[in-house]
Amino acid sequence: MYERSSVAELADSLRSELNRYSVGGKLPSSRALIERYRVSPVTVSRALAQLAAEGLVVTRPGAGAFRAAPRAALPAAGDTSWQEVALSAEGAGDVVPRSVDASGVLACLAAPPPSVIALNSGYLHASIQPERAMAAALARAGRRPGAWDRPPMEGLPELRDWFAREIGGAVGAADVLVTAGGQSALTTALRALAPPGAPILVESPTYPGLLAIARSSGCRPVPVPVDAEGVRPELLAAAFEATGARVFVCQPLFQNPTGAVLAPARRAEVLRIARAAGAFVVEDDYARALGHDDSGPLPATLAAEDQDGVVVHVRSLTKATSPSLRVGALAARGPVVDRLRAVQVVDSFFVPRPLQEAALELVGAPAWPRHLRTVAAELRHRRDVLAGALRRELPGLTVAHLPSGGYQLWARMAGGGDDASFAATALRAGVAVAPGRPYFCAEPPAPYVRLGFAGVSGPGDLVEAVQRMRAGLREEASAPDA
């Protein structure tokens, strides 16, 4: 497996040597580059692809790589200042401004430099992704008859059936729409269920991507506090009564960021409260495939226990595989399915068929259950390593709940402090973390940081990250102007 840093280093070296070659001149062969730099063929291929994307080289299959002609000078940039007026006027009459604040999402999606340990990631590191199984599935999918034809708008019947069986209960294939990942499914659900200006009840804290969807749709997110057993039913009922909301979005299993699991006694109560309010419960089941191997049997989905079409279920394969395998599902029962389908078709037509075919090949392969077992053991080990390092090195960060699934620890900063300042100090020390403020849609009750343990190359990086943060905090505290 290639290292991203190796690709970047090789690309830098080749870029610096391009002046040795005339325009159209041939670069050394891939074999020569492999021997000279002692890197893998994959690293050479990706480095050349990067230079080709920059317009510096041209690759010709079977012939090699050649220096490209210089690009023509770009025309002078025009004056775009008029857009500031146009964009501000657009939402002047909206009940809730439809501004798009993606800062909370970008904090988790941003790829830090190779020297920085990424505790801000919400995806599996390449070392624990099922790369071989995905490559084999994609290759088999490409050979399937009709693999490049247009798929049914709702998704491939076999894939819809697989998702329905995974969700359980009375959900059937006809109740499932295949989506381009969980974020797309949540966006479709909120657009279908809540008009602009409407209140949407959300857990507090909650996933920043959900808050971004709500606000960009012109909706008003209203917080309902979560404790160690999930959302508090009495506060949920009060929020429905006070706001008249018709949508509640929750993550009953391994809630992001707290890791809480909705307690058995609260599950039926949440459904009863929503049904009495004439409201939908959007169940974001993002982490069902990320249970740790000490979690025990997982509870059924809320959708499986729902008899009255209250639950709109969201599921995705992305978290357990790769950021680029963006295949998920929306499941619902009743007339709402037609509205969900209409919104999805308008937004994106359909999910590319080769990707759906590859997903089918992957989940049907013997490697799939083996991969899930590997991930379950690895995530538990990483969780324990990170929690232990925090206890030893950074007792000022308190993890009140050790989750039995998911990929993050939710740590409270003792004695107050500022989460944004902590994140900035950590980044200067070579560690990227997610400040807690974007996880709240109202004033946070205390400063928190989210520490992910899935996006690093191994447990050793977690220990190193905590040691770096400790050293960074000590250095800052001892600075003359501290």
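**Stop 1: the core**

Select Leu119 and Phe240: of the 82 residues in the largest nonpolar core, these two touch the most other members. (A nonpolar core here is a set of buried Ala, Val, Leu, Ile, Met, Phe, Trp, Tyr and Cys residues joined through side-chain atoms within 4.5 Å; buried means under 20% relative accessible area with a 1.4 Å probe, protein chains only.) The biggest contribution to this core comes from helix α15 (residues 367-393), with eight residues. Helices are DSSP runs of H or I with at least four residues, strands are E runs of at least two, and both are numbered from the N terminus.

Some housekeeping: this is a predicted model, where local features need pLDDT of at least 70 and side-chain atom pairs count only at pLDDT 80 or more, while totals for chains, interfaces and linings use all residues. Residues are numbered from 1 along each chain as its sequence is written, and side-chain values use heavy atoms, leaving out hydrogens and water.

Now zoom in on Phe240. Which residues is Phe240 in contact with, leaving aside neighbours within four places in sequence? They are Leu201, Ala245, Val247, Phe248, Ile273, Ala274, Ala277 and Ala279, with contact meaning heavy atoms within 4.5 Å.

**Stop 2: a helix pair**

Show α10 (residues 233-243) and α11 (residues 264-276): their axes come within 10 Å and cross at roughly 10°. That makes α10 roughly parallel to α11, a label for angles under 35 degrees. Axes are lines fitted to C-alpha atoms, for helices over the stretch in contact, with angles from 0 to 180 degrees between N-to-C directions. Phe240 turns up again, joining Pro233, Leu236 and Ala237 of α10 against Arg266, Glu269, Val270, Ile273 and Ala274 of α11.

**Stop 3: the sheet**

Switch to cartoon and trace eight strands in an open, mixed sheet, ordered β4-β11-β10-β9-β8-β5-β6-β7. β4 and β7 (230-231) are the edges, each with a single partner strand, so one side of each has no neighbour in the sheet. Next, pick β5 (residues 199-204) and β6 (residues 220-227), which pair in the parallel sense over six bridges; pairing takes at least two DSSP bridges. Leu201, a contact of Phe240, has Val222 in β6 as its bridge partner.

**Stop 4: a covered helix**

Last, select α14 (residues 353-363). Ten of its eleven residues are buried, including Arg353, Glu357 and Glu361. The buried residues of α14 pack against α6 (131-142), α7 (157-167), β4 (176-179) and α15.

Definitions and conventions: Buried means under 20% relative accessible area, exposed over 50%, partly exposed in between (1.4 Å probe, protein chains only). Angles under 35 degrees count as roughly parallel, over 145 as roughly antiparallel, 65 to 115 as roughly perpendicular and the rest as oblique.
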